[in-house]
Amino acid sequence: MSSPTPWTVYKFGGTSLADADRLQHVATLIQQHEGHCAAVVSAMGGTTDALMALTDTAHPHAERMRQLDGLRDAQHAHIQAVLTGGAAGRMTDALNEDVQTIRDVLHTTQLLGTVSDTARDLIAGFGELWSARLLSAALQEAGTSVSMLNAREVIVATHGDMGPTIDWEATRARWTRWHDDHADAEMLVVTGYIASTPQGTPTTLGRNGSDFSAAIMASLLEAEAVHIWTDVDGVMTADPRLVPDAQRLDAISYQEAMELAYFGAKVIHPRTLAPAFDREIPIHIRNTFSPEDPGTRIHLNGETDRPVKGFATINDLALVNLEGSGMMGVPGIARRLFSALEAANVSVVVISQGSSEHSICFAVPQPQADAARKAAQDAFYAEIHQGHLHPVQVTDNCSVLAVVGDRMAGTPGIAATFFGALGQAGVNVRAMAQGSSERNITAVIDGADATKGLRAAHAGFYLSNHTLSVGIIGPGNVGGALLEQLDAQTERLRTEQRIDIRVRGIANSSYMALDEKRLDLDGWQDAIREQAHPSDLDALADHIQTDYHPHAVLIDCTSSPAVAARYERWLRRGIHVVTPNKKASTAPLNAFRALQEARRSASARYLYETTVGAGLPIIQTLNNLIETGDRVLRIEGILSGTLSYLFNAFDGERAFSDILREAKANGFTEPDPRDDLSGMDVARKVVILGREMGLDITLDDVAVESLVPDALTNGSVDDFMAGLPEHDDAMTNILREARDAGQVLRFVGAVDHTGEASVRLGRYDDDHAFARIHRTDNIVQFRTERYNENPLIVQGPGAGPDVTAAGVFADLLRLVEA
């Protein structure tokens with residue numbers, strides 16, 4: 001039907017028409033459309049299932065009548081909610097007539113003891129009639145010029161092995177007559193799903209029938225487009241319930257849509273596409289509840305920027321295998337096999353045969369596995385009995401995983417990426433198939449691996465190799481600063497450098513917050529409070545490490561030895577560890593060696609630059625010296641930003657205890673300042689440097705001079721801070737003695753190539769490099785065979801949450817360096 005103003009077909013499914021409020025929303029969408037619009041509607045949500053339940057003769061007749069009364073009452077409530085006055089009364093009268101018709105049909109089936117297909121189709125179609133009438137009446141009350149079309153008056157369909165077939169000649173003739181009587185209507189509301197046979201009896205269009213109805217109406221109207229309104233934003237690259245990173249596709253071709261639909265993707269049934277495909281009418285998949293979104297366009301060509309468009313699975317399959325040397329070079333084997341399967345009414349999903357002709361395997365629905373095995377066994381009984389073929393083998397509980405895309409054809413490396421991703425995820429491929437169009441690659445895998453395989457394959461094509469799944473333990477001073485830095489830089493890194501950092505878990509000592517995609521870093525504190533999951537580091541590790549993220553990373557910003565003790569286990573699992581926590585790198589030698597072995601044997605990396613010097617490249621510099629063949633003779637330095645600050649600020653004008661209290665308030669000290677003053681923090685750094693030099697050194701090997709008065713060694717932090725002023729005079733006297741000699745006080749750690757190591761408060765001349773530092777500076781002097789007369793010095797801020805967090809951030813980025 002040609003029209004000066006082109007028609008657009010809208011189709012609304014049951015979720016879009018679930019209740020009265022949603023029906024009113026649909027009416028608004030139709031009214032907002034500029035131009036002629038034909039709205040094809042399904043039954044309101046759940047109505048068709050309820051109607052079909054009425055035809056189940058296994059239930060008592062009285063019970064089915066009560067169900068019918070409940071269905072009528074629900075429909076009446078919808079009428080009252082949507083319509084007013086006379087329109088509501090007329091709609092109620094029509095509803096009551098329909099209900100009486102259903103009663104009469106059910107009474108007849110009760111007497112006959114059976115329900116015919118015609119009776120079942122008649123009853124099932126009332127849901128579409130009711131929603132179409134109600135929507136038409138709502139539009140009329142709003143002043144819209146609208147006509148309602150009962151599709152049984154126009155669409156003529158017959159049923160065969162391939163499903164419903166449209167008699168287009170009869171349908172177009174009926175459509176012409178109907179349209180001549182309703183030529184002035186600006187809007188149409190059409191019942192989906194239902195049709196008539198050539199004899200005029202009620203029938204339906206089967207699965208996805210309303211989508212099919214919409215495509216038929218688009219052909220009859222010569223529409224410019226079909227819009228399928230549903231509850232999703234469009235066609236996704238994979239089922240988002242299984243693949244959290246699934247993305248909406250802007251456009252796909254008819255062929256791609258058919259392939260994805262066959263494998264169960266939530267698109268539309270291939271049969272639905274046929275009428276639109278024949279007339280090259282674009283189909284748009286859109287979200288009723290986000291009408292501003294464009295959705296996905298299905299037309300002649302899809303997106304051209306990526307060869308792979310989507311992934312889908314078919315589950316609950318069995319793989320049947322026929323093999324033996326007797327098949328090789330024998331004509332007719334495939335014909336005999338598949339003829340036998342056809343005779344047994346077995347549907348074959350996938351076929352795979354090697355070029356050696358030694359075997360044929362095929363996938364069938366699991367419920368048909370026994371029938372398929374028996375059919376194949378019977379067809380080749382003689383060959384199996386004579387030993388030319390092996391008995392038919394059946395592998396139960398399989399799934400089919402398909403990767404689909406028009407531009408896969410001629411693009412090298414698609415199969416390598418697909419099977420490589422499956423292999424990396426530990427998914428075994430039992431069989432595979434690829435058509436000559438190269439539009440589809442199909443793999444048969446174990447059903448238990450279906451979700452893992454789907455996620456892994458999707459990640460292989462849709463996630464950058466620079467995607468990091470991150471968990472952060474200890475969001476205190478350093479962890480909190482790191483989260484702020486990540487929040488500020490994540491989007492820039494993603495758009496400019498394709499580094500996709502996804503913080504998916506944050507845990508403190510009591511609670512943790514998890515998110516399948518990524519946590520909102522601007523409100524992570526709220527997430528921890530609201531989720532209030534008890535902290536469980538095993539559960540956090542399980543959540544962070546997925547089958548579909550290239551890198552799993554745990555960042556430990558605590559000083560906990562219990563957390564550090566888990567590093568080896570995480571590394572062996574393949575989880576990267578990034579930390580400023582010094583406990584693991586200074587653990588007893590057996591534990592440290594086990595950690596090093598885990599680093600070497602696993603694919604994960606252990607990055608700990610910030611354990612010495614916060615954000616300064618001290619460990620990196622040391623490693624560079626060693627790896628380039630230099631021999632390190634001695635390392636000496638101010639390795640505590642806290643103690644650097646204290647002795648820079650300690651000038652005799654203020655008490656030492658006052659300066660320490662200020663440093664603690666600024667976050668320059670450990671939570672317990674005795675960890676700094678005792679020298680143990682510096683001793684741990686000395687041990688780390690010594691071990692990087694290749695020395696088997698422990699904390700017991702370091703001679704440590706503690707600055708903690710013996711009387712304050714024990715007790716709480718508050719007790720220590722309260723008692724420290726009593727020892728200020730002793731510290732002041734040490735300072736005066738140094739000044740009188742033209743020296744400064746510096747707390748220094750040192751280790752040499754013989755293993756001699758110390759931590760002590762030393763005196764240095766005013767012109768020494770250690771005297772020329774500022775605030776929280778760390779300074780490290782490397783004396784090597786190359787840098788002997790003139791040592792190599794690294795200097796810069798070595799304390800504070802921000803610089804330490806920046807160093808952790810830099811370590812994190814090293815994971816994705818080319």
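Is Phe419 buried, partly exposed or exposed, and what is its relative accessibility? Phe419 counts as partly exposed, at 25% relative accessibility. This is a predicted model. The protein chain has an average pLDDT of 90, and 97% of the residues score at least 70.

**Confidence**

- Within the protein chain, confidence is lowest in helix α10 (residues 270-279), where the mean is 80.
- Confidence is highest in strand β24 (residues 576-578), at 97.
- Where pLDDT is low, the predicted coordinates should not be read in detail.

**Aromatic rings**

- The structure contains 16 aromatic pairs. The ring centres of Phe418 and Phe419 are 5.0 Å apart and the ring planes stand at 50°, so this pair is tilted.
- Phe418 has a relative accessible area of 0% and is buried, whereas Phe419 is partly exposed at 25%.
- Tyr567, Trp570, Tyr606 and Tyr608 form a cluster that is linked by ring pairs.
- Phe592 has the charged end of Arg691 over its ring, 4.5 Å from the ring centre.

**Helix α3**

- Helix α3 covers residues 61-82, which makes 22 residues. From its first C-alpha to its last it reaches 32 Å, close to the 32 Å expected at 1.5 Å a residue.
- The buried residues in α3 are Arg64, Met65, Leu68, Leu71, Gln75, His78, Ile79 and Val82. They lie on the same side of α3, because they cover an arc of only 135° around the axis.
- An α-helix has 3.6 residues a turn, so residues three or four places apart point the same way.
- Arg66 and Ala81 are exposed on the other side of α3.
- The packing partners of the buried α3 residues are the helices α1 (20-32), α2 (47-54), α4 (85-112) and α6 (126-141).

**Helix α8**

- Helix α8 (residues 209-221) has 13 residues, which should span 18 Å at 1.5 Å a residue. The end C-alpha atoms of α8 are 18 Å apart, in agreement with that value.
- Because 13 of the 13 residues of α8 are buried, the helix is largely enclosed by the rest of the structure.

**Helix α21**

- Helix α21 runs over residues 589-601 and has 13 residues. Its reach from first C-alpha to last is 18 Å, close to the 18 Å expected at 1.5 Å a residue.
- Leu589, Phe592, Leu595, Gln596 and Ala598 are the buried residues of α21. Phe592 is also the residue whose ring lies under the charged end of Arg691.
- The elements that cover the buried residues of α21 include α20 (567-573), β25 (606-607) and α26 (680-692).

**Ser253**

- Ser253 belongs to strand β10 (residues 251-253). Ser253 counts as buried, with 0% relative accessibility.
- Apart from its neighbours within four places in sequence, Ser253 is in contact with Ile298, His299, Leu300, Asn301, Gly302 and Asp406.

**Positive phi in loops**

- Tyr193 is in the loop between β6 (187-191) and β7 (194-196). The phi of Tyr193 is near 75°, a positive value in a residue other than glycine.
- Tyr193 counts as buried, at 16% relative accessibility.
- Arg498 is in the loop between α16 (477-497) and β20 (500-507). Arg498 is not a glycine, although its phi is positive at about 55°.
- Arg498 has a relative accessible area of 54% and is exposed.

**Met327 and Met328**

- Met327 lies in the loop between β13 (310-323) and α11 (333-343), and Met328 is found in the loop between β13 and α11.
- Met327 counts as buried at 2% relative accessibility, whereas Met328 is partly exposed with a relative accessible area of 45%.
- Met327 and Leu389 are 62 residues apart along the chain, and their C-alpha atoms are separated by 7.3 Å.
- Met328 and Thr611 are 283 residues apart along the chain, with 66 Å between their C-alpha atoms.

How values were computed. Residues numbered from 1 in each chain as written. Predicted model: local features only at pLDDT ≥ 70, side-chain atom pairs only at ≥ 80, totals over all residues. Heavy atoms only, no water. Phe/Tyr/Trp six-rings, centres within 6.5 Å; stacked < 30°, edge-to-face > 60°. Buried < 20%, exposed > 50% of the residue type's maximum accessible area, 1.4 Å probe, protein only. Lys NZ or Arg CZ within 6 Å of the ring centre and 35° of its normal. Helix = DSSP H or I, 4+ residues; strand = E, 2+ residues; numbered from the N terminus. Expected span 1.5 Å × (residues − 1). Arc of directions from axis to C-beta. Contact = heavy atoms within 4.5 Å. pLDDT = per-residue confidence, 0-100.
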